[in-house]
Amino acid sequence: MDSILTLNLDGTVLKSKEELHSTISWQMQLPDYYGRNLDAFWDVLSAWNKPLLIKVTNIAQLNDCLGEYAQALLELLHDAAEENSTITLDIS
């Protein structure tokens, strides 16, 4: 059985879209050609085939820094978890 990879997205740390996608890329060990946008992140999540726990914390701070982009990210994460059974979403 595969071990679970945890992607930690902490709103107190992620102050820009660039930091968000750098964190995603680094924690998920994505290739250099990762597109660093929500469409590319969706492509990654929709094809993901190993257990993945995505933990999102400090949403208020994430919203403060990223605004509508944070809302689009959360919607994307909900949709991905709904469509891909290997993904578990934990938002606190």
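Mentor: Let's take it topic by topic, starting with what kind of model this is. It is a predicted model.

Trainee: Okay, helix 2 to begin. Which residues of helix 2 are buried?
Mentor: Helix 2 covers residues 38-47. Its buried residues are Leu-38, Ala-40, Phe-41, Val-44 and Leu-45.

Trainee: And where do those buried residues fall, seen down the axis of helix 2?
Mentor: Within an arc of 160°, so they line one face of the helix.

Trainee: Why do residues three or four places apart point the same way in an α-helix?
Mentor: Because an α-helix has 3.6 residues a turn.

Trainee: Which exposed residues sit on the face of helix 2 turned away from its buried side?
Mentor: Asp-39 and Ala-47.

Trainee: Switching to charge. Which residues form the negative surface patch?
Mentor: Glu-75, Asp-79, Glu-82 and Glu-83 form it.

Trainee: Take Glu-83. Which helix is Glu-83 in?
Mentor: Glu-83 is in helix 4, which runs over residues 68-83.

Trainee: Is Glu-83 buried or exposed?
Mentor: Exposed. Its relative accessible area is 61%. The cut-off for exposed is over 50%.

Trainee: Staying in helix 4, what about Leu-76? Buried or exposed?
Mentor: Leu-76 belongs to helix 4 too. Leu-76 is buried, at 10% relative accessible area. Buried means under 20%.

Trainee: How far is the C-alpha of Leu-76 from that of Trp-42?
Mentor: The two C-alpha atoms are separated by 7.0 Å. Along the chain, Leu-76 and Trp-42 are 34 residues apart.

Trainee: Is Trp-26 buried or exposed?
Mentor: Trp-26 counts as exposed, at 68% relative accessibility.

Trainee: Now backbone angles. What is the phi of Gln-29?
Mentor: About 55°. That is positive, although Gln-29 is not a glycine.

Trainee: Where is Gln-29?
Mentor: Gln-29 sits in the loop between helix 1, residues 17-27, and helix 2. It is exposed, with a relative accessible area of 70%.

Trainee: What about Arg-36, what is its phi?
Mentor: Near 55°, again a positive value in a residue other than glycine. Arg-36 is also in the loop between helix 1 and helix 2.

Trainee: How accessible is Arg-36, then?
Mentor: Arg-36 has 42% relative accessibility, so it counts as partly exposed.

Trainee: Good, that covers my list. Thanks.

Key: Residues numbered from 1 in each chain as written. Predicted model: local features only at pLDDT ≥ 70, side-chain atom pairs only at ≥ 80, totals over all residues. Heavy atoms only, no water. Patch = residues over 30% accessible without salt bridge, like charges linked within 9 Å, V, L, I, M, F, W, Y side chains within 5 Å. Areas by Shrake-Rupley, 256 points an atom, 1.4 Å probe, with all protein chains shown as cover. Salt bridge = Lys/Arg side-chain N within 4 Å of Asp/Glu carboxyl O. Lys, Arg positive; Asp, Glu negative; His and termini not counted. Charge placed at Lys NZ, Arg CZ, Asp CG, Glu CD. Helix = DSSP H or I, 4+ residues; strand = E, 2+ residues; numbered from the N terminus. Buried < 20%, exposed > 50% of the residue type's maximum accessible area, 1.4 Å probe, protein only. Arc of directions from axis to C-beta.
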